[in-house]
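Here is a friendly walk through one protein, told as questions and answers. Please have a look at the sequence and the structure first.

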Amino acid sequence: MYDRILLPTDGDTSTTNATRHAIDLASATGATLSVLYVVDEDIYGAYPGDEYVHDHEGAESGLEEAGQAELDAVRERGEDADVAVETTMRYGRPHEEILDFVAESGTDLVVMGTKSRSGEYRQLLGSVTDRVVRLTDVPVTVVKTQTD
């Protein structure tokens, strides 16, 4: 049914249920699970970090470290379930990088997490998941995580 499933992750609690779902689905279908972490240029680009002495102390470095930890954690969980896992880290705007990855990789399905939030919050801030759902040509499974 699926050969390649994409799980974009940012390490947030909104991806917890999506990660479980993507691993289970990849295991059931024999698909390769691609895990993508995007270092958000809007975050590291908005902060100059002038007080940092070394590059490895800046915001971009912190995001890279968090991203690598998340990729490693998902890889380990997938491998524990006998799922083939490939991890990728990219730099840019998350929804754009996700859409580019889908187009380049032959992704059959995208599994994304989202938190339940009020309508006003979503209208003000937007959502990477909402953008990907609207702009991609492949099926997207959205897995909700309830937050307090």
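Predicted model: local features only at pLDDT ≥ 70, side-chain atom pairs only at ≥ 80, totals over all residues.

Reader: Which pattern does the protein follow along the sequence?
Author: Helices (H or I, at least four residues) and strands (E, at least two) are DSSP runs, numbered from the N terminus. The protein has six helices and five strands. Read along the sequence, they give the pattern β-α-β-α-α-β-α-β-α-α-β.

Reader: What is the order of the strands in the open sheet?
Author: Two strands count as paired if DSSP finds at least two bridges between them. The pairing in this open sheet of five strands is parallel, and the order is 3-2-1-4-5.

Reader: Over how many bridges do strand 4 and strand 5 pair?
Author: Strand 4 covers residues 109-115. Opposite Lys-115 stands Thr-145 in strand 5, and Met-112 stands opposite Val-142 in strand 5. The pairing of strand 4 and strand 5 is parallel and runs over six bridges.

Reader: Which residue in strand 4 stands opposite Leu-6?
Author: Strand 4 also pairs with strand 1, in the parallel sense and over two bridges. Opposite Leu-6 in this pairing stands Val-110.

Reader: How many of the residues of strand 4 are buried?
Author: Buried means under 20% relative accessible area, exposed over 50%, and partly exposed in between (1.4 Å probe, protein chains only). Leu-109, Val-111, Gly-113 and Lys-115 point one way from strand 4, while Val-110, Met-112 and Thr-114 point the other way, and all are buried. Strand 4 is therefore largely enclosed by the rest of the structure, and its buried residues number seven of the seven.

Reader: Which residues touch the most other members of the largest nonpolar core?
Author: A nonpolar core is a set of buried Ala, Val, Leu, Ile, Met, Phe, Trp, Tyr and Cys residues joined through side-chain atoms within 4.5 Å. The largest one has 20 residues, and those that touch the most other members are Ile-5, Leu-7, Ala-26, Leu-33, Val-35, Val-83 and Val-111.

Reader: Which elements give two or more residues to this core?
Author: In the largest core, Leu-7 and Val-111 are among the residues that touch the most other members. The elements that give two or more residues to this core are strand 1, helix 1 (16-29), strand 2, helix 3 (59-80) and strand 4.

Reader: At what angle do the axes of helix 4 and helix 6 cross?
Author: Axes are lines fitted to C-alpha atoms, for helices over the stretch in contact, and angles run from 0 to 180 degrees between N-to-C directions. The axes of helix 4 and helix 6 come within 9 Å and cross at roughly 35°.

Reader: Which residues make the contact of helix 4 and helix 6?
Author: Contact means heavy atoms within 4.5 Å. On the side of helix 4, the contact is made by Pro-94, His-95, Ile-98 and Leu-99. On the side of helix 6, the residues are Val-128, Arg-131, Val-132 and Leu-135.

Reader: Is Asp-82 buried or exposed, and what is its relative accessible area?
Author: Asp-82 lies in the loop between helix 3 and strand 3. Asp-82 is not a glycine, yet has a positive phi of about 60°. Most residues other than glycine have a negative phi. Asp-82 is exposed, with a relative accessible area of 74%.

Reader: Which residues does Ser-14 touch, not counting residues up to four places away in sequence?
Author: Ser-14 is found in the loop between strand 1 and helix 1, and counts as buried at 9% relative accessibility. Its C-alpha atom is separated by 5.0 Å from that of Thr-114, 100 residues apart along the chain. The residues that Ser-14 touches are Gly-113, Thr-114, Lys-115, Val-143 and Thr-145.

Technical notes: Residues numbered from 1 in each chain as written. Heavy atoms only, no water.
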